[in-house]
Amino acid sequence: MTTLLKLKKINLKYQTGKKNISVLNNIDLIIKKKETVSVVGESGSGKTSLIMLIGGLERPTSGKIIFKEKEITSLTEDEISEVRKKSIGIIFQSFYLIPNYTALENVALTLELNKFKNPKKEAKILLDRFGLKHRFNNLPSQLSGGEQQRVAIARAIAMKPDLILADEPTGNLDTENSLMISDILFKYVKEEGSSLIIVTHDPKLADKSKRKINIKDGKIK
Amino acid sequence: MEKLNKYSEFTLIFKYASKDLGRNYKKISSIILTLFISLFILSAIFTIEDSLKKELNDNAKVLLGGDLEIDYNRNQGNLNLVNKVKEFSTVSQMIEFSTMLSTVGRTKNKSLFTRIKTVDEKYPLYGKVIYEPKGAFDRMQEEPNTILINESLSKTLKIKINEKVKVQDQIFTVIGIIKSVPDVSGFVAFGDWALAGKQTLEILKLNGIGSFLNYEYKVKFNLNDDPDKIEKRIKNIFKNDEKVKLRYPENSASGLKRIINSFSQFLSLVSISAILIAGIGIANTLLSFINQNNMSIAVRKAVGFYSVNIKNLYYLQLLILLFIITVISYVSSFLIIPVVDKYLSDGLGLNVYPKFSLINFIKIFLVGLLVLIIFSIPTISSIDQVKASNLFRNVFQNLQFYYSKKSITLSIILLSALVLIFTFSSEKATYSFGYFVAFFNCLIIFFLLSKIVIYSLKKFNFSSNILLKVSIKNITQTKSITPITVMSLGLGLTLLLTLALVGTNFKREIAKSIPDIAPDYFFVGIQKGEKEKFEKGIYNMDPDANIEIVPIVSSGIVKINGVNPNTYIKPDNDSYWVIGSERRSSWVENVPKDNPILQGEWWDLSKPNELQISLDAKVASDFKIKLGDIFTLNIYGREIDGKVINFREVDYRDLSINFAMLFNPQFAKNIPHEYLATAKFNDPDKFDETLMLEVLPSLSMIKIADYLTKVTAVLNKVFIAVTLISAVTIVIGLIVITSAIMVQGKVKEYQNLVFKILGFSKKDIVYSSIIEFFIIFMSVILIATFFAVTGSKFIVENIFDLLWKFDFKVLVYLCSSVGLVTLVLIMVTNLKYLNPKVYPLIRNQ
């Protein structure tokens, strides 16, 4: 398998008042294409920060991130947005759907952004695939947690990204919904050949990945 | 909550209200700011108006020039009666007239139509004449052929002290420059004027009509006399003299008082517009503030507070806030007085001082209170929607404006009270009421417009452009700021555009259209035997000049159908001037080309011995005169009855010879008369005023262009001031929009975060904001232009009787300026939400 993502000596530090907080220390990581990786660790260990750095939502204090053979740490914010738009799908614990957009509009937005010819048609197919045919025109506030997360997944995978980043995707869900979401996610990456990095506290979910990374005090153990 | 007695309940609520206000004042900063600006403007208007009126009242005697004024207009009057007054008081005689004043001994001499006031040594009875050099005023009384000129005249003709000037055929020496005279009430305050000694009148040849002569006697009572008794005594002396007009200090500066009242009426309407626009923002910010306190309201309910107590808590916070803002606004308005004082002392010689008025303070507080209550009723009522049970589910629904029948009725009653207070306390209640009707209609239409825009954009899916789609979604979302933006920006822009269009039409008419059709000169004071000499004098200089020359006679309407004409019309009516004092009338054989007959027949030639009157149709309508009504006119002391036989449409705009009353020539030609003439030159430069004065020394010439330039200059200043003042509504509108964006800050930040996650670039987000703004602004411009065009057309054509034309340039300039400022402000406000910090948001911090 060829390399999709490479993290070289990544450091992330935050300044809180006069204190320097080191969140990630000298992280080296390689993710191959079609690989599924679980990131586990205690709260505050730096898991979400790692995802944010990979997604280009934050910049590391030092080190390099190479995605699809391109160093994204040296890109401008707009260039990173372009990479994210085309190749990275992100799923959050709190779903992050746009509240005033319907389920269909939330999914179609990504497709429209990527200039798909029939965004609404594609979005409908995706939502239908996740059992949300009857929820096309519902606003997020009218959906259950599981349904909201399915919409969020549909939105993240809409443009068939090379990499899916999922931050505690089942953290806000009950067991039944958690199972459904993890099945959908892993089934999708298997079928479509995307890579997946999933941050989770759930050992069962973590076990579904081919590789498990444990982070402690900002370092990979 | 345990039942407390009223006092304890109030104390408790007051305690919490003060505490909450102290902690949350930053969150309601836009309420504080908009309320402060609106109330400050209102305070400034009230304070300036009060200070000015106080100054005018305190100086009423100074402005009138005495404790009483006996005005005989064009006649010397009954000197026997005046002498009777002199027996128990001091009387100062003054005669005002207008004539030409020219420079002499220069290569190119210049002349100017000047108002000259001859005064005796008792002048002024009150106040001081400010002049230089020292002693010039006494010299003027002692030495013949000396004159004091005002600063404007000195500057215009570049006349220095000790220089010679010519008035008619007499040479005068300018011995001083006057800075101000105290009695500006009855005398010209602006323009070119001069003071001369009483002997001047004897050496000049003045005629009654052309010189605009005015005889006045100012009376000063003895210190120990009872003013009321003396007034009654003087009234009694003149009770049988119909030609005299007695004026009292309370009537002094009535013109100035009318201007102050009209201007303050306009400013009050602008300020109430600003307050009402601010009200829209207040309602929005308050709702957001209550939404932020959703949980604390639920907790308070859970611990036993009644809903009504919590609502009172918020009302009380607003009341405390309003009181503080009213105090600050009112006190701050005193800072404006020194600025006003500077302009007034320079222009009118009046000095204004800040004057505290409890009534004004209460009025401002009440206006603020009414607006606050009207706009906070539906907001604070929403507190009823918060349930303590929400705490168990940790679910807090966003509150919405709550309208009940009771709250709507109360709002309408309070709004009507506000409108009625402003309407009936204004100078012209009809105009104020009309303004309010227009304002609320605009408000409703702009609200409907916002709904139509939202509906249309939702309905039609006409674009595949993602940025346009995001913009449309922002405009059409449930809690979008579209209605607030459309209403607040729309109202401000409508007012600004309307005033600008009125202003440009006015300026264009005065600066271009009127000079095109108006004559170049007016000539007054052509005596009966001088008509040919005058015509020859003109044609000698310009053979192609177009001269119009008509006879004039001065007449006053004494009675209409046998009764006092004052019973036919109120002094505030536009046509009151017809009976205000003696008017000039003329006679012609045929119907004037630009005065078509609207009703009745032209002269009845079979009745040459009867006076027939052709009347201005507007005057007839204002006086409710019917054909066949009888006017009793006083012509040279003789009362003559004339029958109104037709109504003409008189268009005064062309500044040509127009009269409210025309007589049948068969009857009128025997009345002693002078001539009035106008001339339009092929080449105005060919006409030499000084040369003309050598032909006819008593001739007065009024150069229309000079007056139009002066009027245009004054109007320019007035319109700039008016436009700047009205721009305050735009400022308030912008604050309302900014606060609405800030209220949505969290939502905006969240949305931008999601966009960022999905791969939107900053540029995309900025572009979609710009598109969003343009969609809203374009619809606002469209409707605002429609209202401004309709409103300004109505004002220009119906109130000012001028021609209205659409000025595209003004529209483009104003709209693009307002648009640019709004866009920049929206962008700057949005800037902090453009780059959301991901970590805290993702972590739900």
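Which side chains meet in a salt bridge at 2.3 Å, N to O? They are those of A:Glu112 and B:Lys469, where a salt bridge means a side-chain nitrogen of Lys or Arg within 4 Å of a carboxyl oxygen of Asp or Glu. Across the interface of chain B and chain A, the rule finds three salt bridges.

Before we go further, a word on the model: it is predicted, so local features need pLDDT of at least 70 and side-chain atom pairs count only at pLDDT 80 or more, while totals for chains, interfaces and linings use all residues. Residues are numbered from 1 along each chain as its sequence is written, chains are lettered from A and ligands numbered from 1 in the order in which they are written, and side-chain values use heavy atoms, leaving out hydrogens and water.

Let's start with chain B as a whole. Its C-alpha atoms fill a box of roughly 105 × 70 × 55 Å along the principal axes. Chain B has 28 helices and 20 strands, which are DSSP runs numbered from the N terminus (helices: H or I, at least four residues; strands: E, at least two). Of its 845 residues, 53% count as buried, meaning under 20% relative accessible area with a 1.4 Å probe, protein chains only. An automatic or database domain assignment divides chain B into domain 1 (25-64 + 252-427), domain 2 (66-251), domain 3 (448-518 + 704-845) and domain 4 (546-680). The centres of domain 2 and domain 3 of chain B, taken over C-alpha atoms, are separated by 54 Å.

Now turn to where the chains meet. Here 26 residues of chain B are in contact with 28 residues of chain A, contact being heavy atoms within 4.5 Å. The area buried between chain B and chain A is about 2700 Å², and carbon and sulfur atoms give 60% of that; buried area is the accessible area (1.4 Å probe) that two parts lose on being put together, summed over both.

On the side of chain B that touches chain A, the elements giving two or more residues are H17 (466-476), H25 (745-758), H26 (762-799) and H28 (838-842) of chain B. H25(B) supplies the largest share, eight residues.

From chain A, follow helix H2 (residues 77-87), whose buried residues are A:Ile80, A:Ser81, A:Val83, A:Arg84, A:Lys85 and A:Ser87. These pack against strand E4 (62-67), strand E6 (88-91), helix H3 (103-113) and strand E7 (163-167) of chain A, together with H25 of chain B.

Notes:
Buried < 20%, exposed > 50% of the residue type's maximum accessible area, 1.4 Å probe, protein only.
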